[in-house]
Amino acid sequence: MLQICGSKVLFLYNLIMGFNIRERLFMNSNEPNELQVRLQYIQKKVQAIQGWTEDQAGATLYQLVRFYSPNLNIVELGSWKGRSTIWLGYGIKDKKEPGKVYAVDTWQGTPGEGAHSDLLKQYNQNQLFEEFQQNVKDNSLENIIVPLVGDTVDISKSWPRSKSIGLLHIDASHQYEDVKRDFEFWSPFLAPNGIIVFDDVPSWPGPTRLVTELPKWYKQAGVAPNKLYFIKTT
Ligand SMILES: C[S@@+](CC[C@H](N)C(=O)[O-])C[C@H]1O[C@@H](n2cnc3c(N)ncnc32)[C@H](O)[C@@H]1O
């Protein structure tokens, strides 16, 4: 009982003071060595997957899901071959509670993004999606990761209003207008104390500008390499 009260007080204190979750991540486990071994195992699995999420950023996503997300409806906008998705999926698996990662992507690459069209030149139409599915399968996460194929805004329109999201990872198109659109259509579903992670801050101008314009109830909670994350306080 005391422990529950203590962690609630700490959580509220952190919210008010604007803490960096990452500094506390390892302190949150009863078995830090076991956690580190697990992170290394996942890192090895994920390294085989081509993508853009670095190991430390992936480990942060994993821990945000496992230790901090207020519920286990996790949504990712932009999954590509699943590198970040799989970190999120292991976060749920290791929490050992029911939950899903909803991976929203067209699996056609970001229009106008050279790195994507170069990589997809040799691919047939479904190949990127098939690779994503194979990577999910190779990690035995088929029961946790649910692909939602389509445009991020279109999919948001059929998202059930009553289904609040614990963590939202925004990593689809990085153009300012697109990130803004993704934020505007998806953030209303975020639960109180829900976490929103913006990828490519500061490496892309679009998300880097948007995070300076968020409503004041989004409190910055931490930095992962090239990602910034916030907590929704109302
Ligand atoms: C940078 S990649 C995601 C990288 C991935 N999270 C990783 O860790 O490697 C961006 C993805 O967003 C998808 N995408 C871009 N614009 C989209 C849109 N409007 N709707 C759905 N998916 C989109 C692309 O198909 C691509 O797979």
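The chain folds into 10 helices and 7 strands. Helices (H or I, at least four residues) and strands (E, at least two) are DSSP runs, numbered from the N terminus. The model is a predicted one, in which local features need pLDDT of at least 70 and side-chain atom pairs count only at pLDDT 80 or more, while totals for chains, interfaces and linings use all residues. Residues are numbered from 1 along each chain as its sequence is written.

Buried residues make up 38% of the 234 residues in the chain. A residue is buried if 20 or more other C-beta atoms, placed from the backbone, lie within 10 Å of its own, exposed if 12 or fewer, and partly exposed in between. Among contacts with a separation of 6 or more, 75% involve residues 24 or more positions apart; two residues are in contact if their C-beta atoms, placed from the backbone, lie within 7 Å.

The sheet is considered next. The 7 strands form an open sheet of mixed pairing, in the order β3-β2-β1-β4-β5-β7-β6. Its edge strands, β3 (145–149) and β6 (218–224), each pair on one side only. The twist from one strand to the next averages 20°. Two strands pair if DSSP finds at least two bridges between them. For instance, β1 and β2 run parallel and are joined by 5 bridges, and Val 75 has Tyr 102 in β2 as its bridge partner. By contrast, β5 (residues 190–199) and β7 (residues 227–232) run antiparallel, also with 5 bridges; here Val 197 is partnered by Tyr 229 of β7.

Helix α9 (residues 176–186) lies across β1 (73–77) and β4 (165–170), at about 170° to β4. Such angles run from 0 to 180 degrees between N-to-C directions, and the axes are lines fitted to C-alpha atoms, for helices over the stretch in contact.

Helix α5 is mostly covered, with 11 of its 13 residues buried, including Trp 87, Leu 88 and Tyr 90. Because the expected span is 1.5 Å times one less than the number of residues, the 13 residues of α5 should span 18 Å, and the 19 Å between its end C-alpha atoms agrees with this. Just after α5, Lys 96 takes a positive phi of about 60°. Strand β2 is mostly covered as well, with 5 of its 6 residues buried.

Ile 144, in the loop between α7 (127–138) and β3, counts as buried because it has 22 C-beta neighbours inside 10 Å. Beyond its neighbours within four places in sequence, Ile 144 is in contact with residues including Gly 89, Ile 92 and Val 101.

Around the ligand there are 20 residues, of which Gly 51, Thr 53, Gly 78, Trp 80 and Ser 84 come nearest; a residue is near a molecule if its C-beta atom, placed from the backbone, lies within 6 Å of it. Both α5 (83–95) and β2 (100–105) supply at least two residues of this shell.

Some backbone angles deserve attention. Most residues other than glycine have a negative phi, and most peptide bonds are trans. Trp 80, however, has a positive phi near 55°. Trp 80 lies in the loop between β1 and α5 and is buried, because 25 C-beta neighbours lie inside 10 Å. Asp 200, in the loop between β5 and α10, also has a positive phi, of about 60°. A cis peptide bond joins Val 201 and Pro 202, with omega about 20°.
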